[in-house]
Protein chains: 2
Amino acid sequence: MPTIVVDVMPKAELLDPQGKATTGALARLGHEKFENVRIGKRFEFQVAGEVTDAVLDEVRQVADDILSNGVIEDVVAISVDGAPVADALAGEAR
Amino acid sequence: MPTIVVDVMPKAELLDPQGKATTGALARLGHEKFENVRIGKRFEFQVAGEVTDAVLDEVRQVADDILSNGVIEDVVAISVDGAPVADALAGEAR
């Protein structure tokens, strides 16, 4: 079954306290060269049957409406079996 | 500055209650075709200076030791500016 991956990140203009804490921890542990850590979510799921354009539209809709909170998060990437899907941000452009 | 992305997922053999709940919610909302949702983390950070082999080794070490919990999670991918880094799972093979 095809595997779909949806990546969701906190919006760039928002503070990410989790990421800030991780940046600080890395610095304290001697990894000062890594900066501006931001932590998002990665959803992996299988889809029954073939991935048609209609299924991709449904994936985009689910990513925008259910898997992410549009107020504080952006869907940054959608891929099918490792291949990026163009127009992953269709929901924003609409 | 180069952007590094580290993807961490719960190990395949472990139950992912968050993902199970999401699978159930999708089905209840009419998206039955999406199955076996698993939810992991996506870390994005910048690195000061050039990404040399030594820096990549440090990234792998940080991914294995700090960004993921090896008991329950796997580092599934590391990429630099969108290009996958081979041997992302070096920590496991060592």
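Predicted model: local features only at pLDDT ≥ 70, side-chain atom pairs only at ≥ 80, totals over all residues.
Residues are numbered from 1 along each chain as its sequence is written, and chains are lettered from A in the order in which they are written. Local features need pLDDT of at least 70, side-chain atom pairs count only at pLDDT 80 or more, and totals for chains, interfaces and linings use all residues, while side-chain values use heavy atoms, with hydrogens and water left out.

The interface involves 32 residues of chain A in contact with 32 residues of chain B, where contact means heavy atoms within 4.5 Å. About 2,900 Å² is buried between the two chains, and carbon and sulfur atoms give 63% of that area; buried area is the accessible area (1.4 Å probe) that two parts lose on being put together, summed over both. On the side of chain A, the residues that lose the most area to chain B are A:Lys33, A:Phe34 and A:Arg42, which together account for 22% of what that side buries.

Four salt bridges are found across the interface, a salt bridge being a side-chain nitrogen of Lys or Arg within 4 Å of a carboxyl oxygen of Asp or Glu. The side chains of A:Asp7 and B:Arg42 meet in a salt bridge, at 3.1 Å from N to O.

Helices (H or I, at least four residues) and strands (E, at least two) are DSSP runs, numbered from the N terminus. In chain A, strand S1 (3-10), helix H1 (17-28), strand S2 (34-47) and helix H2 (53-67) each supply at least two residues of the side that touches chain B, and the largest share, 14 residues, comes from S2(A).

S2(A) is joined by eleven bridges to strand S2 (residues 34-47) of chain B, and the two strands run antiparallel; two strands pair if DSSP finds at least two bridges between them. Within this pairing, A:Glu35 stands opposite B:Gln46 in S2(B).

Chain A is superposed on chain B by a rotation of 180° with 0.0 Å of shift along its axis (RMSD 0.0 Å), using least squares on the C-alpha atoms of residues with pLDDT of at least 70 in both copies. That is the relation of a two-fold axis. The same surface serves both copies, since 100% of the contact residues of chain A recur in chain B.
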